[in-house]
Amino acid sequence: MSKKMKRPLTIEEKKRKDEEEVLERLEEKYLNDIDINNLKVYSSLEKNLVYLEALFSKASDFNTRKFKLGDEEVKATLVYVQGIVNKGFINDTILRELMIVSRNQDLKLSRSYSNLIDLIEDRLLTMGTIERRDEFTTIIDDMLCGHAVLLIDGYDEAISIPIPTREVRNVAEPETESVVRGPREGFVESIDINLSLVRGRIKTPDLKFESFRLGRVSKTDITVAYIEGIAPQDLIDEVLNRVKRIDIDIVNESGIIEQLIEDDPFSPFPQISNTERPDGVASSLNEGRVSIFVDGTPFVLVMPSVFVHFLQANEDYYQRFFFSSFVRMLRFVAFLVALLGPSVYIAITTFHQEMIPTKLLLSIVASRAGVPFPALVEALIMEIAFEFLREAGIRLPKTVGQAVSIVGALVVGEAAVQAGLVSQAMVIVVALTGIASFMIPAYSFALGVRLIRFGVMFLAASWGMFGITFAVLALLIHLCSLRTFGVPYLSPITPVDWEALKDSFIKVPEWFKNSRPSYLVKDDNQRIASNVKPSPAKGDDEDE
Amino acid sequence: MSTKKISNKQAFLLSLNVILTTIILLVPSEMIMSAGRAAWISIIFASLLILAIHYIVFKLSCQFSNQSLVQDCIDIFGKILGRLILIPFIMLNIELTILIIYESVGFVEFVMPTKGAMGIWIANALIAGYLSYKGIETIMRVNGFGIFIMLFSIFIIISTNYDLIDFARLQPIVLDFKQIARGSLLPLHWFLIIPNLFLVYKPFFKDKAKVLKISLLGNLTSMVIISVLLATTITIFGSQLGSIIEYPFYTLSTLSITGLDVTVFVAWIMATMIKVGFYYFTSLYLIKEWFKLSSYRSLILPFMIFTVSLGYFQTDIHYLKTLFIYIITIFIFVLEVPFLLLLIGAYLFKNNVKFNP
């Protein structure tokens, strides 16, 4: 009787066994919560593919392209996620290099390479950046961020090739920060383009971009930008610490980061500004501040941002200082009007009629004669109606939104006055308040002012000017105690920084702004060389 | 974190606030009543007297240690006696806190007579509690704004009433020293706040040597401003009318521009409320040091309830109001001056022992 010999496994059986083994491990991972961070790449291509296919099961955009590499026809596979990689580049460059050029005669001479991966890295793939990976976690992260990954049979390493692509709108003027004079370019949704826009304006190797990914699910690319030597090191460390501390599932917009790293989340005032303008970010970085870029949004965070920053616009720096200073002071008045306008009207008409000149008082009394409500209710009706209109105008399509605003403002306002619901004076006050709030350049700051206004109105209705004083003092205390990344929020007003005050409520001529704000930059704060005040050339004076 | 939180500029503004806010609201009519046309001389007299005391006590205190006043007293007089000596001082501070809220309430009631006093007491306590909760650094910053607004309002009052000034009303100047001394009683009390407060805040000052000079300058500046305002009041109203009007400086603001009085009201009430805030902080800080507590913040709410309830009922006793000047005199000569003299003696003795062992 012949002894039954153990039959060698067929290729199919071997493949099935491999698959079973990997699936077992996968099951083990999911059931027993094994840390996949340490899961290394197998030397068997089949095992790797089974693992990846199991992981990306039911993901129709997961794609594998199997092929043979070189004359020796080593099995290799390029894996990637469709839609987020540049498919044209894969077809025309990567696969061409690997499938055709790898058979090139000259390349054969280089077969002195003991490692095929070294050969591919050194002689075949011509991209600027490629990385070698030996862990599945990094491979998966790369693939999900637009990399194609090359797996080769017999090697427990993979090559990760970054070729991300995404439909990105063109660089255009930002809608939220348009200017009469100034650059017309704004950030877009691609972090790479945004970084390049800033790099194009700050051509120094001291400009640093520290990048990492945030979001357990979204794996969003985040970059912290600063100028080494200008930005204080403790500020940089603090920003990096706060950002790296974030453990969240998804980061869709920079606003999420802002809410997770600000100093006082209960303050109505924003402590981090955001901008869509590369020139704004460049100036901020040059002042020693730090920026955070988030992939997928054109809004870049700038920190620390103090009170006066929210009343400044980029255009201020491009205009001559007389006009810039005038506009800045106007904005400050607008801030006060937006905050206190209706409250002062309520207080004066209810408690302090002696403040109003007699003729004006008579005309206000006449306009309020038919109004059945007290001034507070009247103001609330108008303010809330105004907020409705504003919100509707923003959310609706542009053309319809404008129509709603016009119809709302003109028709509803006029009808409300004619119906005797509100007085004409109140319509004027609310309209002025609305216009004043639009003058505040920072939208997030204006939102805070809008909210506070309602609280002050109630206090004014109860206590007149005393109530307003109470509210203003409470706000002042809050603002004086508020800090943003270690910098007092009311800098440079208090603590006083005379040099920085030159660029706060006013803007002095460029040649007079000698240094960067000392509340931020301690060491290298020389901004402009001395003796640069413009003057006519000697001999131009006709009298001489 | 460093405890050195008060800069020289802030110390200067602090010394301005403690004097200006109160004197502008409360003192003028009383002073004009007591000293007549020479009321402005009473201010100079009171200021110079306190200037000397302040210089001596603060210099000796700084030579002795960098610690708080409570710790100094404990080191000098021992654990029990040191604490006992401080009890009247702490009580005086609490009483002053109530008095300052009362000033503010009285002023608001004067301008807005339809409003009930209780709400104003509570509003003052809320702001003071919030301010003291935020700590000394915030108090000093807010004080900067308060003083700026108040000085601006004083400038507006004087400049807009310039054409009403008649210097003849200041004459004849009769130097009746008895009258001048009587007129200086109330300002003496308020000028004494500067040394008292600076002794309590000693650990917080960044540069004590400069702070001493700055605080003296603050005293002198307040003196000049108040003297000018008093002289302005007398040159506009005359001494008789000036002594009858309850808030003559405020009334000055009603003479020129319509509505200016309300603006001035806002400025002064703001400065007074800030002052209540740092009195809250002072009292709470002293209590904290006295009991060796880790933080004063847990005391804020009980202290708010205590000051409002005590102050509201205490000031509702009309009879006490008629004795106000006598109460102040007792404060000065029984509590404040003896306490400072005791401290001067103790510091002198201890410094002698320390430097000449």
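Where in chain A does Pro304(A) lie? Pro304(A) sits in the loop that runs between strand S10 (300-303) and helix H11 (321-350). Keep in mind that everything here comes from a predicted model.

## Two cis prolines in chain A

Going from Met303(A) to Pro304(A), the peptide bond is cis, and omega is near -5°.

Chain A has another cis bond to check, this one between Thr494(A) and Pro495(A), where omega is about 0°. Pro495(A) is a loop residue too, placed between strand S12 (487-488) and helix H17 (498-501) of chain A.

## Positive phi in both chains

Now for phi. Phe485(A) isn't a glycine, yet its phi is positive, near 50°. You'll find Phe485(A) in the loop between strand S11 (483-484) and S12 of chain A. Is Phe485(A) buried or exposed? Its relative accessibility is 8%, so Phe485(A) counts as buried, the cut-off being under 20%.

Over in chain B, Lys292(B) also has a positive phi, about 55°, without being a glycine. With a relative accessible area of 48%, Lys292(B) is partly exposed.

## Where the chains meet

On to the interface. On the chain B side, 30 residues are in contact with 27 residues of chain A. Between them the two chains bury about 2500 Å², and 78% of that is on carbon and sulfur atoms. Within chain B, the residues that lose the most area to chain A are Arg141(B), Phe145(B) and Val262(B), which together make up 24% of what that side buries.

What about charges and polar groups? The rule finds one salt bridge across the interface of chain B and chain A. In that salt bridge, the side chains of Glu137(B) and Arg483(A) come together at 3.1 Å, N to O. As for polar contacts between chain B and chain A, the count is two residue pairs, both at pLDDT 80 or more. Three helices of chain B, namely H5 (117-134), H6 (136-160) and H12 (260-291), each supply at least two residues of the side that touches chain A. Sorted by class, that side of chain B has 17 nonpolar, seven polar and six charged residues.

## Helix H12 of chain B

At 1.5 Å a residue, the 32 residues of H12(B) should span 46 Å, and the end C-alpha atoms are 47 Å apart, so the two values agree. How many of the 32 residues of H12(B) are buried? The tally is 29, which leaves H12(B) mostly covered.

## Phe107 in helix H4

Last stop: Phe107(B), a residue of helix H4 (residues 79-111) of chain B. Phe107(B) has 0% relative accessibility, so it counts as buried. What is Phe107(B) in contact with, leaving aside its neighbours within four places in sequence? The partners are Leu25(B), Tyr247(B), Tyr250(B), Phe265(B), Trp268(B) and Ile269(B).

For a sense of distance, take Phe107(B) and Asn93(B): 14 residues separate them in sequence, and their C-alpha atoms are 21 Å apart in space.

Methods:
Residues numbered from 1 in each chain as written. Chains lettered and ligands numbered in written order. Predicted model: local features only at pLDDT ≥ 70, side-chain atom pairs only at ≥ 80, totals over all residues. Heavy atoms only, no water. Contact = heavy atoms within 4.5 Å. Buried area = accessible area lost by both parts, 1.4 Å probe. Salt bridge = Lys/Arg side-chain N within 4 Å of Asp/Glu carboxyl O. Polar contact = N/O pair within 3.5 Å; in protein donor to acceptor, adjacent residues only side chain to side chain. Helix = DSSP H or I, 4+ residues; strand = E, 2+ residues; numbered from the N terminus. Nonpolar A, V, L, I, M, F, W, Y, C, P; charged D, E, K, R; others polar. Expected span 1.5 Å × (residues − 1). Buried < 20%, exposed > 50% of the residue type's maximum accessible area, 1.4 Å probe, protein only.
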